[in-house]
Amino acid sequence: MVLLSFDIEEFDMPFEYKGNISFEEQLSISRKGLQNILELLKKHGAKATFFSTVVFAENNKDLIVQLLEEGHELASHTWFHSKFEIEDLKKSREKLSELFNTDVTGLRMPRMMKVDEKEVEKAGYSYNSSVNPTFLPGRYNNLKVSRTYFNEGEVLQIPASVSPNFRVPLFWLSFHNFPFSFYKKLAKDVLKKDNYLNVYFHPWEFAEIKDEKFKLPAFTTKNSGKEMVENFDQFLFWLKNSGYQFGTFQEFQKNILS
């Protein structure tokens, strides 16, 4: 099973690099990217899970309704993308459930931030996908965390996929910067070894973000916008033609428990 997921959020990454962007631009860029993603998923008949902040969801209700109607899953990316309080775990899950009348059972923390798993369980989540089990300088060192899913208390942990050898991450930056043939090889290796692939992206990758005022480094904007739409289209085509099945995180968890 291929677990495609997207962290849908206000596009605040320019602030990490002392760039400038208005709140309206943050939302409009992510909105355009999400529209492009939904078109691609519909074209290929692929299901996905969308981890949304409450801020983004409240400002784009029509797109959240659309993705749910098209068979995708809505999960929590907490309330805001740039700030977090422990109360946001429960509040965001309940708010998203209330706004869209859907069962929100999954969590991904913004920027894969560490969080107390007891608090995650208390907030009512049944799974958490907030770990990239690799080493990323200046961000995290999770080389001792299991590569594959495991239970922590009552919560299923579903780490992002890394290669069986050397733990090369397959997250969004790899997709943008690795040669496509190499990325496909890594994905195939993971699927053969683990029987599933968990990769995550963001809507703003599918929009135009090469504005000088954002001050984003080249490795974050490479192959974004139109190029990302085209490359992701190829990726979905390759996965489908290779016979792999797409599923939501809730479906994956149900399969594990059955």
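Me: Before we start, a contact here means heavy atoms within 4.5 Å. What share of the contacts with a separation of 6 or more comes from residues 24 or more positions apart?
Reply: Good place to begin, and keep in mind that this is a predicted model. The contacts to look at are those in the protein with a separation of 6 or more. Among these, the part from residues 24 or more positions apart is 71%.

Me: How many helices and strands does the protein have, and what is its radius of gyration?
Reply: The secondary structure comes to 10 helices and 10 strands. For 258 residues the globule rule gives 18 Å, and the protein's value is close to that, so it is as compact as a globular protein of that length. The radius of gyration is 17 Å.

Me: Is strand β10 largely enclosed or open?
Reply: Let's check both faces: Leu-197, Val-199 and Phe-201 lie on one side, Asn-198 and Tyr-200 on the other, and all are buried. Since five of the five residues of β10 are buried, the strand is largely enclosed.

Me: Which elements do the buried residues of helix α9 pack against?
Reply: Helix α9 covers residues 226-241. Its buried residues include Phe-232, Phe-235 and Trp-238. The buried residues of α9 pack against β1, α1, α6, α7 and β10.

Notes
Residues are numbered from 1 along each chain as its sequence is written. This is a predicted model: local features need pLDDT of at least 70, side-chain atom pairs count only at pLDDT 80 or more; totals for chains, interfaces and linings use all residues. Side-chain values use heavy atoms; hydrogens and water are left out. Buried means under 20% relative accessible area, exposed over 50%, partly exposed in between (1.4 Å probe, protein chains only). Helices (H or I, at least four residues) and strands (E, at least two) are DSSP runs, numbered from the N terminus. The expected span of a helix is 1.5 Å times one less than its number of residues. The radius of gyration is taken over C-alpha atoms; the globule rule is 2.2 Å times the number of residues to the power 0.38.
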